[in-house]
Amino acid sequence: MINLNQSSQVPIFDQIKLGFKGLVKKGLLKPGDTAPSIRKLASDLKVNPNTVARAYRELTAEGFFESSRGQENVISLRAEAVAGNTAKMVHESLEAAIKGALEGGFTWKELEAMIAELKRKIL
Amino acid sequence: MNKNILEIKDLRKAFGRREVLKGLSLSCAPGEVIGILGRNGTGKTTLFNILLDLTAADSGGVEILGLKPDGSGKLRGLIGYVPEKPAFHPFMTVREVLEFRAAFFPLWNMGKAEELCRKLELDLAAKTGRLSKGGIAKLAWIAAVAHNPALLLLDEPTSGLDYLVRDHILSGLISELAEGGKSIIVSNHRMGEMGGILDRVCLLKDGVIKADYTAEFVKTEAFRVSARLEGGLPEAGPGVSALGGSGPLAELAVLGRANLERLKADPRFGQAEISPLDLDAAFKVMLGEREAL
Amino acid sequence: MTNLINLMELNFRKSRLSFGVLLLAILSSVPLSMVLKAKAMPLSDAVGLALIFWAIVGIPLSALALSAISGAEAASESARNIEQVLPVSQGKFLSAALIVLLLQMAGLLLAAYATMGFTLPTEKLDPVAMQAYQFYLYAAASLTIYGFTVSYALRNAVAGAALSAGAVLVTVYTLGTMSILENLTYEIVSLTPLKLAVAALVLAGVAGSLKLLSGVYARRERLAAVKLTAAALLLASPVLASVTGLALMNYRARRVTAPLSSYSFLNFRERETGEFMLAQQPFTGRLIVVDADGDRAVIEPEIPGGTRFGGLFQEPNFSEGEILPVPGGGAWILYSKFRKEHKLLCGSVKGGFVQRAAINDAWQVTLVGGEKPGVIKSLDGKIFYATLTPGKGELKWEKIPAKSPEEVQAFVTRKEAGAAGTARFSADGRTLIYKDRRWPVPWAVGTKSPLAGLKLDDGLNFIVPARSSTYLCRPDGRTETLWPEYFRLGQNFYLTPDGTAWGTTLSHSRITEFSLLGRSLYDFDEPVFYILTREGKALSGLQIHSALKKAGEKNGRAGLLKAEGDTLWFNVGDKYLVRVSAADTDDFKSWKLPASVWEGNHSLSPSNVSASRRGIFIAAEDGVYFMDWEGKLKKLV
């Protein structure tokens, strides 16, 4: 379900969160579905259960999972919105940055070169 | 947090004139998962034997779960140990082995042992002399965790086992972690497969813990640098080692963000291609490193 | 504790096969022997053979096999790999293995016992066989413990079995031979502490060495060489102890001295021994004569080599002999190492002795004293006498016409009386006649024999035994009744070197003693002394109770050595020299004599103490001593 990149700069628990959001976006997980238990997911992904536990905690706090008792790790009705929100947040910051650059006189070519350089740097 | 469950200070052991451990220090906090990385014959087994109160140290302090090794073997009752080459009395069946062990470990949970046998598909009635290598490994694992020890000491728990059995063992490890309160010290020749569970990696070299990296570090600060260099390789600075390459194309491994920045500052690496180094490659580099970072 | 039991169960399981085979072998040996025996052999013999096989070969070999295998296994790599995971110390592992071994051996012994029908003929065993039985059990137990430990030490079953068998054999053989020797002769080294020490060393040695060895082998402790050496020494200690005991015994045995017994065919003897003592060293074969100044003459030198008892000691050899002093300082010596070969020597301590003659045809030869000493022998029922003349030349033997013992005795009495002559009785036996004197002795007994006189200060007196009393016939013609007891000079009336005559009767009593262990009752035989001093004073019914009690002498062995005025010296039990005031016998002074090995061992043995005028000689366990009348002790040899 979720692919992890052990060597990525992005922390594992973040990757797990993003992974769930991606699944909901693609429609593979729908509201009302139960996510696998911490133990099962940790076992499947071969990661420390603490890491999975943290991801689940934060997903619950963000409203991606249901927070009521008896309904733990259930994809909530707002999940799509949350997933969408995140994507939307990223989209909006990018848009703002690029618009500002273009308005400041940067060309698309320069922007693409910058992105390539950033790809090297941010790693 | 609470006191460390394991505290080793300046441990020394020599066999005749051959010094194996030369002042090794290591500590482990409750719930930590530590990987021991070291080449064969560098003292890993000796270290484990001393921790298990099987071999007497020459000098140095060892305290595990509040006990010191004193020859009485009490420590072994608190540690779940999977040896590198587990062995059992060939005439005993799996059930007999578990029942025999149960008598010696007061916290033994026979229900858990039977459940694990079922999950791992280990036949309780099979004679251990007839078990395959995978079966022996499963039995050794079950025997180690059935008494719910606070510390697990695993010596190459997956070596020589097929994918499926390895998977079982790793899942089992994660299960134990999920139950909480367990610390794990594991040595593995393919440490990469445990990348997801490790908290720290300790490099055992020259009879001491030469380097102690967090898992975070290994995942986020190990880089592969490919560059076109005229005039050969630069001198290896700290954290930089050659990975390969042919002709003008050089491939380097760099550990540590600071070292990477330094390299990037070098004009020859202006157009270098930088990508993250996978865990196994990173561990291999650490093993071969001549100096610490 | 449960851990230990679990480990023991494991050990039982591991050795099921070997133990089962041995058990089956034992249990089936009797029926098998009955089936497989040769047609001609009687059934009981076949069974006996099977049992003997097991006793001598089977059980010890089983002990070795089981223990060696178990020991080598305990040290093996595989055992450690499988069992080291358990939270149990090495000590527990080894203890479990050892306990199981001992239980298995006990099982095998029980099976052997069962095949014998659950009876052991221990009631019929004499002390020597009983000791052999004890040694056997000790050997079986120590083979088991030792076999395990040595196999563990060498990490090899075959080497371990061989070495431990050797060690146990040496110990058992050494201790066994020492035991047998002491049963046959006397105690030279107290064996009970030695045996206990050896047994304790086996246990301690095994325990200590196992601890050291397991530290080095299992835990790879430091100072391995030191610990291994210490373990080897601990294991060798019982063997070393028994060998040391043997060496000590040999050393002490060589120094043991004993008097020579004199087996005379003449009934009545009273003999002066002069101012020297004839003594022997039974374990070296040496015969010597010593005087009070410490000078000595060697009669027989040490036997080089000699016959070895069990290969470990010189066999003791006891010579018989007597020494006859000659006026002027010399002496005649007659002795024999082997019954028929008698050697006659003459000479002096300071000048040495030379052989005068050898008498090899008669079993019974003895010296005759008096002014002209002689020698008498009994050959084919005939009695021969020769005068002892120094110098060379054969002895001139003449047959004497005496036939009955009384006649022989009369002949000897007359010879020993010499020029002074003997007294005789009147035909009706009621008058004693000596030269021109006569004494009335109405109830005298033994009136057919001549009577030798007793030299006192007032001249030649005669002691005449009567039916229930003793007469003293004085030179002035008086006859006194001395004591209401019967005494005959030479028979139960003796002379001390200083000429005091004395005799005893025995008073028997039962003594109750209270001690920490309660009340104990024992028989106390006490000598009652009757003494006639040189001055002619007669002491009647003297008892030295306090001195006897101090010496712990319950069997009434005490003798008079010297009388001077009112003071008397006694030898109490060969243990103490006691000086007593005749007026008050509770006022006494005693000096302990050096210990002799012959104390109380043989009721017929001669005393180790030989009296002379200047003091007493003691043939002690480490040499010949001389003690003067003030209790000053000097070692002579």
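What follows is a chat about a predicted model with chains A, B and C.

User: Great. Let's start with chain A: how many helices and strands?
Analyst: Chain A has five helices and zero strands. Here helices (H or I, at least four residues) and strands (E, at least two) are DSSP runs, numbered from the N terminus. Along the sequence the pattern reads α-α-α-α-α.

User: And is chain A compact or spread out?
Analyst: Chain A is more spread out than a compact globule, because its radius of gyration is 18 Å, well over the 14 Å that the globule rule gives for 123 residues. That radius is taken over C-alpha atoms, and the rule is 2.2 Å times the number of residues to the power 0.38. Along its principal axes, the C-alpha trace of chain A spans about 55 × 30 × 20 Å.

User: What share of chain A is buried?
Analyst: In chain A, 25% of the 123 residues count as buried. A residue is buried if 20 or more other C-beta atoms lie within 10 Å of its own, exposed if 12 or fewer, and partly exposed in between, with C-beta atoms placed from the backbone.

User: Which domains does chain B have?
Analyst: The assignment gives domain 1 (6-215) and domain 2 (221-288); such bounds come from an automatic or database domain assignment. The C-alpha centres of domain 1 and domain 2 of chain B lie 35 Å apart.

User: How many residues are in contact between those two domains?
Analyst: Eight residues of domain 1 of chain B are in contact with five residues of domain 2 of chain B. Two residues are in contact if their C-beta atoms, placed from the backbone, lie within 7 Å. The domain 1 side of that contact divides into four nonpolar, two polar and two charged residues. In this scheme Ala, Val, Leu, Ile, Met, Phe, Trp, Tyr, Cys and Pro count as nonpolar, Asp, Glu, Lys and Arg as charged, and the others, Gly among them, as polar.

User: Switching to interfaces: how many residues of chain A are in contact with chain B?
Analyst: 16 residues of chain A are in contact with 18 residues of chain B. Helix α2 (residues 38-45) of chain A gives the largest share of the chain A side, five residues. By class, that side has seven nonpolar, six polar and three charged residues.

User: And chain C with chain B, which elements of chain C supply residues?
Analyst: There, 16 residues of chain C are in contact with 20 residues of chain B. α1 (2-14) and α4 (77-83) of chain C each supply at least two residues of the chain C side, which has five nonpolar, seven polar and four charged residues.

User: What sheets can I look at in chain C?
Analyst: One open sheet has four strands in the order β1-β2-β3-β4 of chain C, with antiparallel pairing. β1 (258-259) and β4 (296-300) of chain C are at the edges with a single partner strand each, so one side of each is left without a neighbour in the sheet. Strand β3 (residues 286-291) of chain C is joined to β4(C) by four bridges, and V290(C) has R296(C) as its bridge partner.

User: Is β19(C) buried or exposed?
Analyst: Strand β19 (residues 459-465) of chain C is mostly covered, with five of its seven residues buried. Four bridges join β19(C) to the antiparallel strand β20 (residues 470-473) of chain C, and four residues lie between the two in their hairpin.

Terms used
Residues are numbered from 1 along each chain as its sequence is written. Chains are lettered from A and ligands numbered from 1 in the order in which they are written. This is a predicted model: local features need pLDDT of at least 70, side-chain atom pairs count only at pLDDT 80 or more; totals for chains, interfaces and linings use all residues. Two strands pair if DSSP finds at least two bridges between them.
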